[in-house]
Amino acid sequence: MTAYRSSWLDDDLDAVRELARSFCEKEIKPHAERFIDQHHVDRELWNKAGELGLLCMSIPEEFGGGGGTFAHEAVLMEEQARIGDTSWGQSVHNAIAAHYINSYGTDEQKRQWLPRMASGETVAAIAMTEPGTGSDLQAVRTKAVRDGDEYVVNGSKTFITNGAQAGLIIVVVKTDTSEGASGISLVLVEADRPGFRCGRLLDKVGQRGQDTAELSFEDVRIPTSNLLGTEEGQGFIQLMQQLPQERLIIAVGSVAGMEEALAQTIAYTKDRHAFGRPIFGFQNTKFKLAEVATEARIARVFIDDCVSRHIRGELDITTVAMAKWWTTDRAMVALDECLQLYGGYGYMTEYPIARAWADNRVQKIYAGTNEIMKEIIARSL
């Protein structure tokens with residue numbers, strides 16, 4: 001089969017891939033079991049990535065970043081997926097949290113936080129979901145009440161990636177509880193503020209090495225200068241503007257996961273024998289892998305188009321909703337087919353296919369469930 005190359009790649013991105021691949025192979029893969037056991041990566045991993053320039057690659061150089069584009073982040077995501085890692089929450093730090101600050105922060109906020117995030121000195125998280133509020137962001141109950149030149153923040157968040165290691169959290173709050181979407185704001189909360197507490201690391205079905213935590217805010221006082229944006233009530237619009245990139249991140253990871261599962265399963269079925277011949281020799285195996293290969297290629301071409309359009313600033317909300325739900329859905333179908341070809345070994349966590357199957361299931365849920373994605377698409381019809 002002729003090798004396929006994504007249209008948005010170039011020599012610079014090839015060099016980034018080589019660096020990212022080396023980093024993932026040396027600094028993450030050998031420690032995967034320990035990360036899973038402790039439910040988080042080593043804190044030093046962030047500093048090592050920062051030293052190599054792998055953090056905030058798409059943030060302007062003026063603020064300590066790499067001056068690249070989303071394509072640079074996508075390459076790192078693909079290499080992380082290639083080794084089957086879901087423990088390191090770099091995409092939330094690099095391509096989500098950093099971009100909220102870069103897009104809406106004051107010059108002072110950018111200069112204070114982005115260089116620290118690029119070096120790995122500060123890990124960032126974004127806290128949207130609450131115990132009683134998931135995809136319906138207008139219903140958040142965490143409040144930031146103004147008191148002179150401060151906000152007093154009260155509430156709780158859950159399922160927060162990088163929650164325990166984060167030094168800075170972008171928190172979705174209500175600054176006006178009498179309003180819906182127009183009452184939402186985003187504020188920056190430093191983890192060392194009195195009243196802030198990181199609770200337990202959550203025990204998940206998959207992505208078990210990822211630092212995912214519950215956060216609580218009890219009379220946490222922050223200066224009003226920690227508001228993200230020029231005035232209160234801009235939070236919902238900010239979220240709607242940034243969520244497409246978050247959904248594209250998930251789609252990129254899903255496609256890379258499909259491709260890696262396919263490669264591993266092809267190798268396994270050619271090596272594993274049954275009834276005197278390789279499993280690959282059976283027509284059912286060939287047909288199943290042909291189906292997965294076709295769907296993976298279709299998904300890759302679709303996502304490459306989305307990445308190219310996003311770099312040009314042309315990716316619309318409807319298309320990225322299509323990409324998010326379809327790639328995450330097809331990835332799970334592909335992973336299930338691949339796991340089946342491993343037989344009983346596919347259900348053993350020592351095999352990467354089993355972990356990939358469990359790790360990818362949440363892709364259909366976070367950043368807006370796939371049902372919400374279809375609702376978004378239907379509005380455009």
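Visitor: How much area do domain 2 and domain 3 bury between them?

Guide: This is a predicted model, and the value is computed from its atoms. Of the area in question, 65% lies on carbon and sulfur atoms. Between them, domain 2 and domain 3 bury about 1000 Å².

Visitor: Which three residues supply more than any other three of the area that domain 2 buries against domain 3?

Guide: The share supplied by the trio is 43% of the area that domain 2 buries against domain 3.

Visitor: By class, what residues make up the side of domain 2 that touches domain 3?

Guide: The contact takes 14 residues from domain 2 and 13 residues from domain 3. By class, the domain 2 side has eight nonpolar, five polar and one charged residues.

Visitor: How many residue pairs are in polar contact across the interface of domain 2 and domain 3?

Guide: Salt bridges between domain 2 and domain 3 number zero. For polar contacts, both residues of a pair must be at pLDDT 80 or more. Under that rule, the number of residue pairs found is three.

Visitor: How far apart do the C-alpha centres of domain 2 and domain 3 lie?

Guide: Domain 2 spans residues 125-231, and domain 3 spans residues 236-380. The distance between their C-alpha centres is 30 Å.

Visitor: What percentage of residues 233-381 is helix?

Guide: UniProt, in an unreviewed entry, annotates residues 233-381 as "domain: Acyl-CoA dehydrogenase/oxidase C-terminal". The end C-alpha atoms of this span lie 29 Å apart.

Key
Residues numbered from 1 in each chain as written. Predicted model: local features only at pLDDT ≥ 70, side-chain atom pairs only at ≥ 80, totals over all residues. Heavy atoms only, no water. Domains from an automatic or database assignment. Contact = heavy atoms within 4.5 Å. Buried area = accessible area lost by both parts, 1.4 Å probe. Salt bridge = Lys/Arg side-chain N within 4 Å of Asp/Glu carboxyl O. Polar contact = N/O pair within 3.5 Å; in protein donor to acceptor, adjacent residues only side chain to side chain. Nonpolar A, V, L, I, M, F, W, Y, C, P; charged D, E, K, R; others polar. UniProt positions renumbered as here; feature names shortened; annotations may be inferred. Helix = DSSP H or I, 4+ residues; strand = E, 2+ residues; numbered from the N terminus.
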